[in-house]
Structures are given as structure tokens and as C-alpha cells.
Amino acid sequence: MIYSIGGHNISIESFFGDYILRRVLTSFEPFKTKEKDNIILSIDIVEELCDMDESNCRFTKEVDTGNGIIRVSKFVDGKYKFQIFDVDNRDCASAVCSQAFDKCICRIDAQGPMVRFALNNVIMLVYAFCCAQYGTLLIHASVIRHNDVAYAFTAKSGTGKSTQVANWMRAVAGCDIINDDNPVVRVVDGKVILYGSPWSGKTPCFRAVSAPLAALMLIKRDERNFVEEQNPLIAFSTLLTACSAMKWDETLFQQTCETVSRIVESIKIAELHCLPDIESALVCKEYLEG
């Protein structure tokens, strides 16, 4: 199966066949493509990870995602191994990736509904790291589109980025939601473009659409609604914090930072201090479009 996500084609094959793969990856259906060229990432789901000399593999880092744990190890030849665990520390999946993250083999250990969780996490993880070299970022944000322009809202989980998008939908005519958790952002011919993705958190918003990204707003809860401009250094930090980035890999992290710098130079990045009310959307709109 081939999917076009953020303008990049990826191939996903599985030993259990296309029919079951489609039933597991339901959120990927809008992104299916018949194009077989320009595939940047190939993922093969296998029964067993064979011929892996674990003695040449060293533990690198453990990351708490809030939905579970990702344990990262690296082989001496540059390949990476990822182990995905759920919130109860149960083994869900293991994946081994090439140094360039263009090839990945994956074994799913989860059962039942957790198979979808495991496979989605592996694909999202590898996609984000593979795309760093192409000026592409996967960011943690909710996105509204108005007048054919995208506005992204980022915040710590539970702070209210989805609430802000919902308030725009209620208060501003002609809006639609592109993604509610993990959109893709690319620099294409000097322009910043935002794309929908198969990963949208608890909101079923899996749309193969795109729009120019005009702004990224960092939401902070406050006692009144107002916008505070950010200087370039803080803006850089805001966007970098929102990215799925491999900070412990020097090459990938440098590529991510270069893309972040180009985006910061091209769009508005500011703090939206707000209450969880409709007025906050109108104050934000006035800043962005007024």
C-alpha cells in the first residue's frame, strides 16, 4: 500500500495482507495513492525481526510520550531500534530502521485494539525522522483553515488547543479543521505549507488537504484574552518544542533546526493568552487577520 502524506510517498507492506492492513490503518485511507514513484520511506511489517545481533545494539534513550514509552537503541552500523510500550508498560511493537530512516522493518506485539495504537506510533515516529532531511516537520498542534490560510495552535496537552479550534468553528464563518493533533509542515519553494495527516489525536479528522501556514499560536491560559508577540529566539523555541524531533541524533536535529529557522522567518509566531471562550477566537482572529 502506498500513501501520500505531506506530499511524500511512503510504502507500507505487511505479512498479514492488504485487507487487514486497511482495516487497521483506517485513518490512512484518505491518503492512499496509486503513484509508485518517489517513495521516500518503505515500512515492512514482519512476523519476526530476524538476523539482529543485539550485542551490537546500545541503549540510547527512553522517551515518555504521555501515551506510553519509546525505548531507543542504536546499532554500531548506525541503524536504530525502537520499542513501543503502552501506559501499562506492555510491549506493543519493535522496529529497526536504516540510518537514513528510509527503510524500516516492524514487528507488532500488541493484541486487539492496541494493534492500531502500536502500528500508528511506529509509522508516525519513523515518518517524522525520515522527513527531517526533506524540510518537513510533524508538529503537535490543532489547525484551523480560514480564507484558504492555515492557523496552527500548539500547547501542552490539556491546555486548550482543540478548544480554541472549536471556538473558531463556532465564532468565525467559513472555517474548517485540517487536523487536531499532528499536522505536517513543509517548506516548499520558499513557502510554508501545512498538510493534514493520518494522526489527529482523539478527533477523527484525517484529511488529505493542505494550505499555506500563516501563523503558529502558543496557547496560554490567562484571566483575559490578548495576544503577545514573541521575539525570534522565543519563536524558534516555541516551534522546536512542538516538533517531533530526534534531539539525540546530531544530523537529524540539525536538519530539524534548519527547517524551524526557515519557518520562523516566514510566519507569525505569538502567544495567545486566553480564556476558554468564543471571545478568545475573535481576539485571535483580529490579531491574525485584522
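Q: With which side chain does the side chain of E271 make a polar contact of 3.3 Å?
A: This is a predicted model, in which local features need pLDDT of at least 70, side-chain atom pairs count only at pLDDT 80 or more, and totals for chains, interfaces and linings use all residues. Residues are numbered from 1 along each chain as its sequence is written, and side-chain values use heavy atoms, with hydrogens and water left out. A polar contact is a pair of N or O atoms within 3.5 Å; within protein, one must be able to donate a hydrogen and the other to accept it, and residues adjacent in sequence count only if both atoms are side-chain atoms. At 3.3 Å, the partner of the E271 side chain is the side chain of K220.

Q: Which side chain does a polar contact of 3.1 Å join to that of E271?
A: E271 belongs to strand β17, residues 268-274 (strands are DSSP runs of E, at least two residues, numbered from the N terminus). The polar contact of 3.1 Å links the side chain of E271 to that of H273.

Q: Is E271 buried or exposed?
A: Buried means under 20% relative accessible area, exposed over 50%, and partly exposed in between (1.4 Å probe, protein chains only). Because its relative accessibility is 9%, E271 counts as buried.

Terms used
Helix = DSSP H or I, 4+ residues; strand = E, 2+ residues; numbered from the N terminus.
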